[in-house]
Each structure stands twice: as structure tokens, then as C-alpha cells.
Amino acid sequence: MNASFYPATSTQPRAEVAPRRILVVDDEEGTRRAIAIWLSVDYDVITAADGIEGLEVAAQNLPDLVIADVWMPRADGVMMVRRMKQIDALRHVPVIFLTGQTSVQSTVAGISAGAWAYLPKPIDPDILERKVRGALARHA
């Protein structure tokens, strides 16, 4: 028989789809670590300790999503997001803000800066996971 009539088969393994990359920026090491552990099952998680480091890490790694604390030393999350929105490669990246400040004024400031969502601390892992999935799906 002529083999050209049969579909080609391959013994090569299928290429794995690379996991989506999430940058977690928080000055509290315990929070950074907890979020990284929660999300590392399904995502490639990278971290930074403040807004300046977060901006540098984002520019070098081009994450699919950023989760950032609002209040941090050296540069807060709002400043970091405003700078991200000025960089072509980062302007489309959705941001989820985390904060202990839950006033309407601080929420409006975060959303005005370009945050996709605003979650209060302490963080519920299930709510965070749902917000992450929603942001990634919407910005796919």
C-alpha cells in the first residue's frame, strides 16, 4: 500500500503549552510566598519586593498578569502600574491590586491607575484564583 494515503503519525511528544506567567509584587515576604505557593501549581510565578523591583522584573519577564500590593516602600503599586502603562510591552498586562486599605477613595485610585481588580487583605485563595483566571481569560 501507498503510505501517502495514511495520516502521518509521530512518536514525538506533543509540545507542552507554557504556563502563564504571573508577577507577584508585595513588600511582605509571607504574603509574596503564600501567593506564589497558591498559584505555582498552575502558573509560572515570579516575585518582587516593591514597585521599582516589580517594574524591572516585569520589563525583563513580560508577565501575563501582575498581582501587586498598593502600599510598598520605595515605589507603591499605583506608581508601578502607571509606569507599566507607559511601556508598550506592558501596557496591556492586567493588574490585581491587594491592600489593607479598603476605602472607596483608595479603590478608586487603584482602578484609576489601571487595576483590573482590587482585593482586600487578608487574601482568600479561592477569590484570588477566580480573579486571576478571570483576568487572564479576559486579556487572552
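The structure is a predicted model, in which local features need pLDDT of at least 70 and side-chain atom pairs count only at pLDDT 80 or more, while totals for chains, interfaces and linings use all residues. Residues are numbered from 1 along each chain as its sequence is written, and side-chain values use heavy atoms, with hydrogens and water left out.

**Overall architecture**

The chain holds 5 helices and 5 strands; helices (H or I, at least four residues) and strands (E, at least two) are DSSP runs numbered from the N terminus. Starting at the N terminus, the elements follow the order β-α-β-α-β-α-β-α-β-α. Of the 140 residues, 39% count as buried, that is, under 20% relative accessible area with a 1.4 Å probe and protein chains only, where exposed means over 50% and partly exposed lies in between. Contact means heavy atoms within 4.5 Å. Among contacts in the chain with a separation of 6 or more, 58% come from residues 24 or more positions apart.

**The sheet**

The 5 strands form an open sheet with parallel pairing, in the order β2-β1-β3-β4-β5. Its edge strands are β2 (44–48) and β5 (117–120), each of which pairs on one side only. From one strand to the next, the twist averages 20°. Two strands pair if DSSP finds at least two bridges between them. The table lists three of these pairings.

| Strand pair | Bridges | Direction |
|---|---|---|
| β1 (residues 21–25) and β3 | 4 bridges | parallel |
| β3 and β4 (residues 95–99) | 4 bridges | parallel |
| β4 and β5 | 4 bridges | parallel |

Individual bridge partners can be named for each of them. Val25 is partnered by Ala68 in β3, Val66 by Val95 in β4, and Leu98 by Leu119 in β5.

Strand β3 (residues 65–69) is largely enclosed by the rest of the structure, because 5 of its 5 residues are buried. Leu65, Ile67 and Asp69 point one way from β3, whereas Val66 and Ala68 point the other way. In a regular strand, side chains alternate between the two faces of the sheet.

**Helices on the sheet**

Together, β3, helix α3 (residues 77–84) and β4 make a right-handed β-α-β unit; right-handed means that, with the strands pointing away from the viewer, the path from the first strand over the helix to the second runs clockwise. Helix α3 lies across β1, β3 and β4 and runs at about 170° to β4. Such angles run from 0 to 180 degrees between N-to-C directions, and axes are lines fitted to C-alpha atoms, for helices over the stretch in contact. Helix α5 (residues 125–138) also packs on the sheet, touching β1, β3, β4 and β5, and its direction makes about 140° with that of β3.

**Helix against helix**

The axes of helix α2 (residues 51–61) and α3 come within 9 Å and cross at roughly 30°. The two helices are therefore roughly parallel to each other, a term for angles under 35 degrees. Their contact is made by Gly51, Gly54 and Leu55 of α2 and by Met80, Arg83 and Met84 of α3.

Helix α1 (residues 29–39) packs with α5 at an angle of about 65°, the axes lying 11 Å apart. Here Ile35, Trp38 and Leu39 of α1 meet Pro125, Leu128, Glu129 and Val132 of α5.

Terms used
Parallel < 35°, antiparallel > 145°, perpendicular 65-115°, else oblique.
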